[in-house]
Amino acid sequence: MTFPGEEIPRADLVEALADGTGRDAMSIAAGNPEVTQLIASWIREAAHAGNWTRVDKFANLAAPLRAPGLGGALQEILDSDAVGFNREDFVEILGEIRETDAVACLCRVAEGSLGEDAPAYWLCQKVIASLAVIGTPEAFEGLRRMTTQSWPDVVRWHAAVELEVEDELGFDEDQMLGW
């Protein structure tokens with residue numbers, strides 16, 4: 001979207017201002033108040049174009065602004081067949097913004113990553129942390145499912161730690177941490 005009297009689209013200007021971390025979000029939004037309302041659509045447009053650098057920059061900018069539609073945009077990307085983006089960052093952002101509608105998506109991300117995430121299961125660990133931060137009954141149910149025998153022990157242990165049931169499930173912390 002280009003505004004009257006401007007030669008470059010607002011999204012391009014905002015992208016040039018953003019450092020990619022979100023630390024500058026409030027100052028960018030103060031100078032460009034429409035950013036909060038438009039950034040989710042910019043994320044979708046960039047994702048559709050496969051511009052993952054822009055998507056990442058805008059997602060990190062939108063998170064501290066709690067921009068409307070951010071959670072939905074990230075879930076659409078996570079649920080797509082797209083490649084080239086950082087799933088771990090999106091999972092963390094969904095937890096950071098406490099996106100309660102993202103629980104099912106996060107569980108799908110964890111399930112879908114099992115074949116490629118071994119042996120440390122970093123993506124699963126990020127999903128577990130985000131579910132714990134979201135903290136809804138549905139999120140805790142997702143964590144409970146991850147403690148079942150169908151999940152790898154590392155994932156089960158991390159989920160059990162978040163639920164504070166690792167002792168009940170018979171996990172040896174030293175063994176799980178490789179000590």
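**Reading side-chain contacts**

Asp12, Glu15 and Arg54 are linked in a network of salt bridges. The model discussed here is a predicted one.

Q: How many salt bridges does a search of the whole structure find?
A: Side chains of opposite charge can pair when their charged atoms come close. In this model, the search of the whole structure finds eleven salt bridges. One of them joins Arg44 to Glu76, whose closest N and O atoms are 2.9 Å apart.

Q: Which parts of the chain does the pair of Arg44 and Glu76 tie together?
A: Arg44 belongs to helix H3 and Glu76 to helix H5 (residues 70–79), so the pair ties together parts that are 32 residues apart in sequence. Arg44 is partly exposed, at 32% relative accessibility, and Glu76 is also partly exposed, at 45%.

Q: Where do Arg87 and Glu116 lie?
A: These two side chains, Arg87 and Glu116, meet in a salt bridge with an N to O distance of 2.2 Å. Arg87 is in helix H6 (residues 87–96) and Glu116 in helix H7 (residues 103–117), 29 residues apart, and the pair links distant parts of the chain. Arg87 is partly exposed, with a relative accessible area of 27%, while Glu116 counts as exposed at 55%.

Q: How many residues apart are Glu141 and Arg144 in helix H9?
A: Glu141 and Arg144 are three residues apart, about one turn of helix H9 (residues 137–145), and their side chains form a salt bridge at 3.2 Å, N to O.

Q: Why is the ring pair of Trp42 and Phe58 called tilted?
A: Two numbers matter here, the distance between ring centres and the angle between ring planes. For Trp42 and Phe58 the centres are 5.5 Å apart and the planes are at 40°, so this pair is tilted. Trp42 is in helix H3 (residues 35–48) and Phe58 in helix H4 (residues 52–65), so the pair ties together parts 16 residues apart in sequence. Phe85 and Phe90, by contrast, form a stacked pair, with 5.2 Å from centre to centre and 15° between the planes. Ring pairs also link Trp52, Phe85 and Phe90 into a cluster.

Q: How many disulfides does the search find?
A: A disulfide is a covalent bond between the sulfur atoms of two cysteines. The search of the whole structure finds zero disulfides. The sulfur of Cys107 is 9.2 Å from the closest cysteine sulfur, in Cys105, which is too far for a bond. For Cys124, the closest cysteine sulfur is in Cys107, 10 Å away, again too far for a bond.

Conventions:
Residues numbered from 1 in each chain as written. Predicted model: local features only at pLDDT ≥ 70, side-chain atom pairs only at ≥ 80, totals over all residues. Heavy atoms only, no water. Phe/Tyr/Trp six-rings, centres within 6.5 Å; stacked < 30°, edge-to-face > 60°. Helix = DSSP H or I, 4+ residues; strand = E, 2+ residues; numbered from the N terminus. Disulfide = S-S within 2.5 Å. Salt bridge = Lys/Arg side-chain N within 4 Å of Asp/Glu carboxyl O. Buried < 20%, exposed > 50% of the residue type's maximum accessible area, 1.4 Å probe, protein only.
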